[in-house]
Amino acid sequence: GVELDLAMTLEHRDRLRRDPAHHRSDLPAFGLRRSNRQRMEDDSAEEAVMSALLEINNISHRFGGLHVLRGVNFEVPKGAITGLIGPNGAGKSTLFSMIAGEQKPDSGAISMLGRDISSLPAQDRTRIGIGRTFQIPRPFEGMSVFENLLVFATSGAGLHGHAAYTRAAETGERVGLGDVLNAQAGSLGLLARKRLELARGLASDPTVLLLDEVAGGLTEPEV
């Protein structure tokens, strides 16, 4: 069957309140500093007027003899919701992994706000605002729901202390996990795991959020 993945730009999302007293940008353990995202946005402001938020330029990739992606080109404008449609095995998740920096294409380039980010590793792309979910949820099963969200609030959004705790808690509430924040992630059912997967992406404060079959496997009432 045909499946739908989404690349959602969150320019107009509701921003959670932050406590400046606990906000720090010196996070070398997680790759780029938070201020690098701000500098990138500031330095690219003039270019971005003419540039798409995200540009996929002639991406191609093979797995052995199988040509999974061949010359893929598209742009995601600011404020847009863009659908990526194709049958099973068409390479949608593979392309998402390349945008997020988890896999490298054989050829082509990926740009954000007019800047080529093709050489950046996954953790650095998270730091500049690219978030994603996975088709099969990947929670840290031995940690609580709240702790899962706290990881992304610190490593992705660059928050610390009270600001990180607030973002983790409010994001959990936002997706309907407020009652299970202290539950172990490994004990959750599929619907709650899907919500946690979405919440982890949101907790990282993304500019672009890649949703890989976020409703896959759910019943119609659950969706």
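In the predicted model, Phe146, Leu149, Leu150, Ala153 and Thr154 of H5 meet Ala164, Tyr165, Arg167, Ala168, Ala169 and Gly172 of H6. The residues of this contact between H5 and H6 comprise eight nonpolar, two polar and one charged. Two packed helices are described by the angle between their axes and by the distance between those axes. For H5 and helix H6, which spans residues 161–174, the angle is about 125 degrees and the axes lie 8 Å apart.

H5 passes H7 in a right-handed crossing. On the H5 side, the contact is formed by Val145, Asn148, Leu149, Phe152 and Ala153, and on the H7 side by Leu196, Ala199, Arg200 and Ala203. Seven of the residues in the contact of H5 with H7 are nonpolar, one is polar and one is charged. Leu149 and Ala153 of H5 take part in the contact with H7 and also meet residues of H6.

Empty space in the model was examined as well. Rolling a probe the size of a water molecule over the atoms shows where such space is left. The largest pocket has a volume of about 380 Å³. Its lining is made up of 20 residues, and those nearest the centre of the pocket are Glu102, Ala122, Thr126, Arg132 and Phe152. Phe152 is also among the H5 residues in the contact with H7. At least two lining residues are supplied by each of helix H4 (122–127), strand E7 (130–132), H5 and H7. The greatest contribution to the lining of the largest pocket comes from H4, with four residues. By class, the lining of the largest pocket divides into seven nonpolar, seven polar and six charged residues.

Terms used:
Residues numbered from 1 in each chain as written. Predicted model: local features only at pLDDT ≥ 70, side-chain atom pairs only at ≥ 80, totals over all residues. Heavy atoms only, no water. Left-handed = near helix turned anticlockwise from the far one by under 90°. Contact = heavy atoms within 4.5 Å. Nonpolar A, V, L, I, M, F, W, Y, C, P; charged D, E, K, R; others polar. 1 Å grid on protein atoms, 1.4 Å probe; cavity = no way out; pocket = protein on both sides within 12 Å on 5 of 7 lines; lining within 4 Å. Points joined across faces, edges and corners; volume = space filled by probe spheres on them. Axes fitted to C-alpha atoms, helices over the stretch in contact; angles between N-to-C directions.
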